[in-house]
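Welcome, and thanks for taking a look at this complex. Please have the sequence and the 3D view open as you read on.

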Amino acid sequence: MFALDPLFSGTFDGAVFLIVLAKVVIAFALLLVSVLFMIWFERKLHADMSNRLGPNRAGPFGILQTLADGIKFFFKEDLLPDRADKRIFILAPFLSLVPAFLVFSVIPLGGVFTAEKQGIVTVFGRETYVQLADPPIGVLLILACSSIAVYGVMLAGWSSGSKYPLLGSVRATAQMVSYEAALGLSVIAVVMLAGSLSTHDMVMVQAGEGFGGILPRWNLIATGVVPFVIFVIAGTAELNRPPFDLVEAEQELVGGFHTEYSSIRFALFFLAEFMNTVTMSAIIVTLFLGGPAGPTFFGPALMWGPIWFASKLFLFLFMFVWLRATLPRFRYDQLMDLGWKVLIPISLGWMLLLASLNVAGDAGWNTFVVAGAAVLIGLVAYLMLAGAIATSARRREQAELEGSIR
Amino acid sequence: MHFLEGLAPELVVFVLAGLVCIVGALGVVLNANPVHAALSLVATLFGVAVLFLAQEANFLAAVQIIVYAGAIVVLFLFVLMLLGIDRAEDLSVDALGGGQRLAACILGVGILALPLLAFASTGGEATGARPPATAANAITKTTPDIAQLGESLFTTYLFAFEVTSVLLVIAVVGAVVLARKVKRADYVEDPLTSPPSEVPT
């Protein structure tokens, strides 16, 4: 269960170095291409959903529009606001971009995940995984990167030396820090099942048939759907995408934290945002839907890993666009209530339930008694929480009433 | 790689990460702008995380980034921004008075002397040396460090762990009590925050 990339088990020589270099280039190029695709896809699909044409000038179906926009960004004048903190203003876009890239390095992209192959492929006589890196702390690296990404948004808003970006970045920081908790708590359920933090092991655990030979052995089902739903909601909030895009609420904040940014610096934020969308989808696929693992039909077995991965990824990219096209934006207090009073308690309760079932399975206790007791404890905790929330709401109402009489 | 032979990678990592730590620490002390100082602190935390990684304490490195860089310094910055004390301070106006300068120097030298003494007492073996491996503390390649850490937290150090969690709960309760608005009959409102009509004339 604790297997490192076999590439580094031997001596570290030129061939290994070249393989690692090739992997870096491929992962980088793949992410950039998928981002180019995602920007076009979002604009086109959103246009379809709102009965517009969308980009249709550059290339067939407007597919080269993103490239044209990128070139335009390069040649625009780069403005540096007078009251900006120069050094940090320049640094901030990179602080957004680098974590977005780093997360993609731990995502398994392919490989045959059977008991004998273990997702290992042979390149130039060397055995390795089809992922850039498989650190033993894979999932924590993802969480660490998402917590570092806060800095880009926060410092961009602060260093602009202007009101609206600062307000936007304060909102964004509060939102991202709050939803990180729910994100981390829902990941724990997956980690408990896999017994490992490595993303490769996660995919390995989910490979093969489960539950009557029809359903896949995905964590989505094995953890009981709830952590998946919480992860998707918290992930959307972490990305600052609609319906959680208060960070750049145009009506209130002009453009949010990147109001003062222009030219290529703005393009970097834009790139990071879409890159985060792609990587978040990839993380969801890896943690809950078995990543590149899936049945193979015809042709070489190796071909099916990337196909499964890409099709699962596409599903979530579609979902993110769909959410943006259909859902109205949350109000700020609703956003905070959802994060702290709904998602975090539910994920905590679910984690305790899964943990107690896990222990019960190991110790050979009666599963139904343990589940019943856990549900009872959860119910008591829920009643206490509901009581506390109701009391505070009543007090606040009373205070407001007294205030209005005065 | 041929050009890497003869050059211990551990030493290179240690020197680079140590340099980042020291430069960051100096930045915290010397920067007049609090936001720049907080960012230098992040650099130091990253350096320490790399040092943890070099010692194969993967979990500690990740937690260092998530908790310290990702949460605590973010809160520092958050408070700096909200309170609007994010402009550089002119230290020549509000200089340290009394024996503060002297006390700071003595304390600094004392703190520096501690690790130097420890370094000297082990005969220069301050980095990279692990305690002799026994069955209890052996770092093996077969069990991940997070499993070993969890096991010792929930067996050997269970009491300390639980007491720490109680301490955190007390801190949370204390913060809530401090932040709470008290409504009492004999409560005198702050004239600065209450409407002007209520200020006794």
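## Confidence and conventions

Chain A has an average pLDDT of 84, and 96% of its residues score at least 70; pLDDT is the predictor's confidence in each residue, from 0 to 100. Within chain A, the lowest confidence falls in helix 9 (residues 250–253) of chain A, with a mean of 70, and the highest in helix 8 (residues 226–238) of chain A, with 91. Chain B averages 78, with 69% of the residues scoring at least 70. Among the elements of chain B, the lowest mean pLDDT is 83, for helix 5 (residues 145–154) of chain B, and the highest is 92, for helix 6 (residues 158–179) of chain B. For the complex, the predictor gives an ipTM of 0.80 and a pTM of 0.84. A word of care: where pLDDT is low, the predicted coordinates should not be read in detail.

This is a predicted model, so local features need pLDDT of at least 70 and side-chain atom pairs count only at pLDDT 80 or more, while totals for chains, interfaces and linings use all residues. Residues are numbered from 1 along each chain as its sequence is written, and chains are lettered from A and ligands numbered from 1 in the order in which they are written.

## Helix 5 of chain A and its partners

Let us start with one helix and two of its neighbours. The axes of helix 5 (residues 163–194) of chain A and helix 12 (residues 332–363) of chain A come within 9 Å and cross at roughly 15 degrees. Here helices (H or I, at least four residues) and strands (E, at least two) are DSSP runs, numbered from the N terminus. Axes are lines fitted to C-alpha atoms, for helices over the stretch in contact, and angles run from 0 to 180 degrees between N-to-C directions. Helix 5 of chain A and helix 12 of chain A are therefore roughly parallel; angles under 35 degrees count as roughly parallel, over 145 as roughly antiparallel, 65 to 115 as roughly perpendicular and the rest as oblique. By class, the contact of helix 5 of chain A with helix 12 of chain A has 18 nonpolar, 6 polar and 1 charged residues. For these classes, Ala, Val, Leu, Ile, Met, Phe, Trp, Tyr, Cys and Pro count as nonpolar, Asp, Glu, Lys and Arg as charged, and the others, Gly among them, as polar.

With helix 8 of chain A, helix 5 of chain A packs at an angle of about 155 degrees, the axes being 8 Å apart. That makes helix 5 of chain A roughly antiparallel to helix 8 of chain A. Residues of helix 5 of chain A that meet helix 8 of chain A include Met176(A), Tyr179(A) and Leu183(A), and those on the helix 8 side include Ile230(A), Phe231(A) and Ala234(A). This contact divides into 12 nonpolar, 3 polar and 2 charged residues.

## A closer look at Ala172(A)

Ala172(A) lies in helix 5 of chain A. It is buried, with 23 other C-beta atoms within 10 Å; a residue is buried if 20 or more other C-beta atoms lie within 10 Å of its own, exposed if 12 or fewer, and partly exposed in between, with C-beta atoms placed from the backbone. Leaving aside residues up to four places away in sequence, Ala172(A) touches Val153(A), Asn240(A), Val247(A) and Phe257(A). Two residues are in contact if their C-beta atoms, placed from the backbone, lie within 7 Å.

## Where the chains meet

The contact takes 21 residues from chain A and 20 residues from chain B. On the side of chain A that touches chain B, the elements giving two or more residues are helix 1 (14–49), helix 4 (138–159) and helix 5 of chain A. Helix 4 of chain A supplies the largest share, 9 residues. The residues on this side of chain A divide into 17 nonpolar, 4 polar and no charged.

Chain B itself has 6 helices and 0 strands. Of its 201 residues, 14% count as buried.

## Backbone details

A cis peptide bond joins Pro242(A) and Pro243(A), with omega about 0 degrees. Pro243(A) sits in the loop between helix 8 and helix 9 of chain A.

Val225(A) has a phi near 65 degrees, a positive value in a residue other than glycine. Val225(A) is exposed, with 12 other C-beta atoms within 10 Å.
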